[in-house]
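Keep the sequence and the 3D view open while reading.

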Amino acid sequence: MKGTKLKDVLGNKVFNKEKWDMLFGKLKKLGTAIEMFKGSSMSIDDTEYRWVNDRIEYYYGEERLLTKSEMEHANELWNKYGGR
């Protein structure tokens, strides 16, 4: 299975940190949108919120990029919570 860490994904390609920082900034907005939508009744263990937060932590902590399927899932969540 192909890894998702920077060195595994990029190979000889140049890493565009500005692009990925922007993408993960949008992921942070998605996390906030989920919090706002669910309100104070949201559990800290909410699976959708936790999924978003984990992806952000993986990027900043482990330099792990999103896979195509993760980006598609994030888009689905955005359409559900952020497109209001």
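Helices here are DSSP runs of at least four residues, numbered from the N terminus. The model is a predicted one, and residue numbers start from 1 along each chain.

Side chains of opposite charge can pair when their charged atoms come close. A search of the whole structure finds six salt bridges. One of the pairs consists of aspartate 21 and lysine 17, whose closest N and O atoms are 3.2 Å apart. Both residues belong to helix H2, which covers residues 17–38, and they are four residues apart, so about one helical turn separates them. Buried would mean under 20% relative accessible area and exposed over 50%. Aspartate 21 has 27% relative accessibility and therefore counts as partly exposed. Lysine 17, at 46%, also counts as partly exposed.

Where do arginine 55 and glutamate 70 lie? A salt bridge joins their side chains, with 2.8 Å from N to O. Arginine 55 is in helix H3 (residues 47–62) and glutamate 70 is in helix H4 (residues 68–82), so the pair ties together parts that are 15 residues apart in sequence. Arginine 55 and glutamate 70 are both buried.

Glutamate 70 also forms a salt bridge with arginine 64, and here the closest N and O atoms are 2.9 Å apart. Arginine 64 is buried, as is glutamate 70.

The next step is the packing of helices. Two packed helices are described by the angle between their axes and the distance between the axes. For H2 and H4 the angle is about 40°, and the axes are 9 Å apart. Angles under 35 degrees would count as roughly parallel, so with this angle H2 is oblique to H4. The crossing in which H2 passes H4 is left-handed.

Which residues of the two helices meet? On the H2 side they are Trp20, Leu23, Leu27, Lys29, Leu30, Ala33, Ile34, Phe37 and Lys38. On the H4 side they are Met71, Ala74, Leu77, Trp78, Tyr81 and Gly82. Sorted by type, the residues of this contact between H2 and H4 are twelve nonpolar, one polar and two charged.

Key: This is a predicted model: local features need pLDDT of at least 70, side-chain atom pairs count only at pLDDT 80 or more; totals for chains, interfaces and linings use all residues. Side-chain values use heavy atoms; hydrogens and water are left out. A salt bridge is a side-chain nitrogen of Lys or Arg within 4 Å of a carboxyl oxygen of Asp or Glu. Buried means under 20% relative accessible area, exposed over 50%, partly exposed in between (1.4 Å probe, protein chains only). Axes are lines fitted to C-alpha atoms, for helices over the stretch in contact, and angles run from 0 to 180 degrees between N-to-C directions. Angles under 35 degrees count as roughly parallel, over 145 as roughly antiparallel, 65 to 115 as roughly perpendicular and the rest as oblique. A crossing is left-handed if the near helix is turned anticlockwise from the far one by less than a right angle, and right-handed if clockwise. Contact means heavy atoms within 4.5 Å. Ala, Val, Leu, Ile, Met, Phe, Trp, Tyr, Cys and Pro count as nonpolar, Asp, Glu, Lys and Arg as charged, and the others, Gly among them, as polar.
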